[in-house]
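I set out below what I looked up in this model, entry by entry. The entries begin with a single residue and end with confidence.

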Amino acid sequence: MEDGNVGEALLKKQYYYENCPGCKVDKAKELKTDVSFRNLLNIWMVVLCSALPISSLFPYLYFMIRDFNIAKREEDISAYAGYVGSAFMLGRSLTSIPWGMVADRYGRKPVAIIGIISVIIFNSLFGLSTSFWMAVTSRFFLGSLNGLLGPMKAYCSEIFREEKQALGLSTFSAAWGMGLIIGPALGGYLAQPAVKYPHIFPKDSFWDKFPYFLPSILISAFAVVVAIACIWLPETLHNHPLGDPPTNDVEAVESGSKKKDKDMIIQKDENLFLNWPLMSSIVVYCIFSLYDIAYQEVFSLWAVSPRRLGGLNFTTDNVGDVLAISGFALIVYQLSLYPSLERVFGPIRFARISWVLSIPLLQSYPFIAMLSGITLFLVINIASLLKNLLSVTVVTGLFLMQNRAVEQHQRGEANGIAMTGMSIFKAIGPAGGGAVLAWSQKRMHASFLPGTHMVFFILNVAGGLGVILMFTPFLTEKKKTPSEQLH
């Protein structure tokens with residue numbers, strides 16, 4: 001009975017090429033052996049490796065800029081910090097579409113390996129920065145050469161069959177969210193080790209001269225391990241024209257393989273900019289990216305700012321504690337609660353609900369700053385935890401829409417367009433967030449939205465626009481073709 005089911009599954013796809021990596025992946029999907037710990041671990045490691053360096057600098061960036069002695073006033077530090085945060089995204093915005101086209105031509109795997117190597121080199125150089133411009137330049141090149149996120153989004157939807165794509169993309173967004181949380185936690189705990197752990201890292205040692213190198217080199221060491229593991233990463237891209245029968249009949253399945261499948265995908269390029277389901281989801285994704293990265297930058301700078309400027313007066317260790325707790329909660333949420341809630345609400349409706357809830361939550365932050373002691377620590381942990389869970393829910397829903405809107409041979413390019421738009425908005429986010437925070441801290445006694453009330457209000461204006469666009473008629477899902485519905 002089991003053999004009959006296997007044969008029936010194989011007949012669904014009529015042609016397999018013996019030496020095609022994409023066909024091997026398709027076989028695993030037809031036989032339902034695609035959902036494996038190995039595939040999930042591969043996605044987790046590669047995405048985590050790319051996400052860690054993006055935000056690991058946020059907890060200590062304020063102090064790094066201060067040490068560069070480039071800011072004339074304390075209130076200006078946040079603005080300079082925003083420029084460093086934006087350099088990475090500016091670099092990525094210039095190269096995401098070319099990296100997507102390379103991934104569609106040569107495969108997802110080589111782009112992933114090149115991106116990981118760029119983390120090893122330029123993240124280490126950033127930790128050794130001795131000037132503002134060295135920091136900006138190393139971050140810019142890290143963003144330019146790390147083009148793996150777009151192709152990896154395509155990879156997540158290709159390595160699993162359609163009904164399991166939500167699992168692949170939720171793994172992607174969970175690893176991404178974890179990276180954006182664990183990264184700052186590492187930065188918070190490990191920056192300035194000669195000050196925090198003088199018995200291990202003596203004063204006037206290498207670690208005292210380069211106080212921000214330790215978190216960078218640990219992330220780069222993890223990237224070395226991931227680069228080696230990627231040697232065995234399965235490729236999902238087909239190395240032959242889709243729709244052509246194989247020349248080797250040994251790999252063809254039964255007698256039905258000699259007949260052309262009328263429902264097979266033909267590699268016909270469409271103009272992706274005219275694909276409204278794709279472009280509408282990318283526009284919403286870009287606005288959310290601006291909202292989210294600006295929040296991350298503002299949160300870390302706000303948390304370490306002094307009380308007189310409306311901040312929490314946290315140390316980098318305190319910020320690390322908050323983000324580590326959020327990271328642990330994110331793992332539990334993705335493994336236990338998210339799949340069930342996604343089935344009940346559907347990914348898009350669930351994303352809409354999550355984004356709506358995040359707006360009043362964010363506006364409560366200035367009031368949280370009025371608390372102190374253990375009450376402050378408990379409340380800010382709960383707020384940060386909820387904010388990160390809601391964010392990863394929105395991202396997962398939008399990822400699913402983008403990948404279902406295009407065929408495989410254009411997914412790399414489609415995700416490249418998404419990454420370009422997202423990177424442009426994320427380049428604006430840290431610089432804009434840092435500048436608005438610096439401005440808001442100069443108006444602590446204003447009559448309308450004084451101090452940090454203003455920065456969180458402006459973040460929510462961007463968030464409110466995104467919420468409106470999350471609904472029809474703007475955001476639309478791609479309708480399945482009759483052949484897709486049959487499968």
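**Entry 1. Thr 396.** I looked up the accessibility of Thr 396 and found 0% relative accessibility, so Thr 396 counts as buried. For this term I use under 20% relative accessible area as buried, over 50% as exposed and in between as partly exposed, with a 1.4 Å probe and protein chains only. Thr 396 belongs to helix 17, which covers residues 373-404. Helices here are DSSP runs of H or I with at least four residues, strands are runs of E with at least two, and both are numbered from the N terminus. Leaving aside residues up to four places away in sequence, I find Thr 396 touching Leu 169, Ser 170, Ser 173 and Tyr 338. A contact means heavy atoms within 4.5 Å.

**Entry 2. Basis of the values.** I note that this is a predicted model, in which local features need pLDDT of at least 70, side-chain atom pairs count only at pLDDT 80 or more, and totals for chains, interfaces and linings use all residues. Residues are numbered from 1 along each chain as its sequence is written, and side-chain values use heavy atoms, with hydrogens and water left out.

**Entry 3. The chain as a whole.** I looked up the secondary structure and found 20 helices and zero strands. Of the 487 residues, 58% count as buried. Among contacts with a separation of 6 or more, 81% come from residues 24 or more positions apart.

**Entry 4. Helix 14.** How far apart are the end C-alpha atoms of helix 14? I find 38 Å for the 30 residues of this helix (316-345), short of the 44 Å that a straight helix would reach at 1.5 Å a residue. The expected span is 1.5 Å times one less than the number of residues. I then located a kink of about 50° at Leu 337, shortly before the proline Pro 339. The bend at a residue is the angle between axes fitted to the seven residues ending there and the seven starting there. After helix 14 comes Gly 346, with a positive phi near 85°.

**Entry 5. Val 319.** This residue also lies in helix 14. Val 319 counts as buried because its relative accessibility is 1%. Beyond residues up to four places away in sequence, Val 319 touches Pro 59, Ser 300, Ala 303, Val 304 and Phe 314.

**Entry 6. Helices 6 and 7.** I looked up the packing of helix 6 (residues 108-127) on helix 7 (residues 132-145) and found an angle of about 175°, with the axes 9 Å apart. Helix 6 is therefore roughly antiparallel to helix 7. Axes are lines fitted to C-alpha atoms, for helices over the stretch in contact, and angles run from 0 to 180 degrees between N-to-C directions. Angles over 145 degrees count as roughly antiparallel, under 35 as roughly parallel, 65 to 115 as roughly perpendicular and the rest as oblique. Residues of helix 6 in this contact include Ile 114, Val 119 and Phe 122, and those of helix 7 include Met 134, Phe 141 and Leu 142.

**Entry 7. Cys 23.** I place Cys 23 in helix 2 (residues 21-30). Its relative accessibility is 1%, so Cys 23 counts as buried. Cys 23 and Glu 235 are 212 residues apart in sequence and 9.7 Å apart in space, C-alpha to C-alpha.

**Entry 8. Backbone in the loops.** Asp 204 sits in the loop between helix 10 (193-196) and helix 11 (206-209). With a relative accessible area of 69%, Asp 204 is exposed. Asp 204 is not a glycine, yet has a positive phi of about 70°. Asn 313, in the loop between helix 13 (276-304) and helix 14, likewise is not a glycine and has a positive phi, of about 60°. I also found a cis peptide bond from Thr 472 to Pro 473, with omega near 15°.

**Entry 9. Confidence.** The average pLDDT of the chain is 81, and 86% of the residues score at least 70. This score is the predictor's confidence in each residue, from 0 to 100. Over residues 247-267 the pLDDT is below 50, and this stretch has 40 contacts in the model beyond near neighbours in sequence. Where pLDDT is low, the predicted coordinates should not be read in detail.
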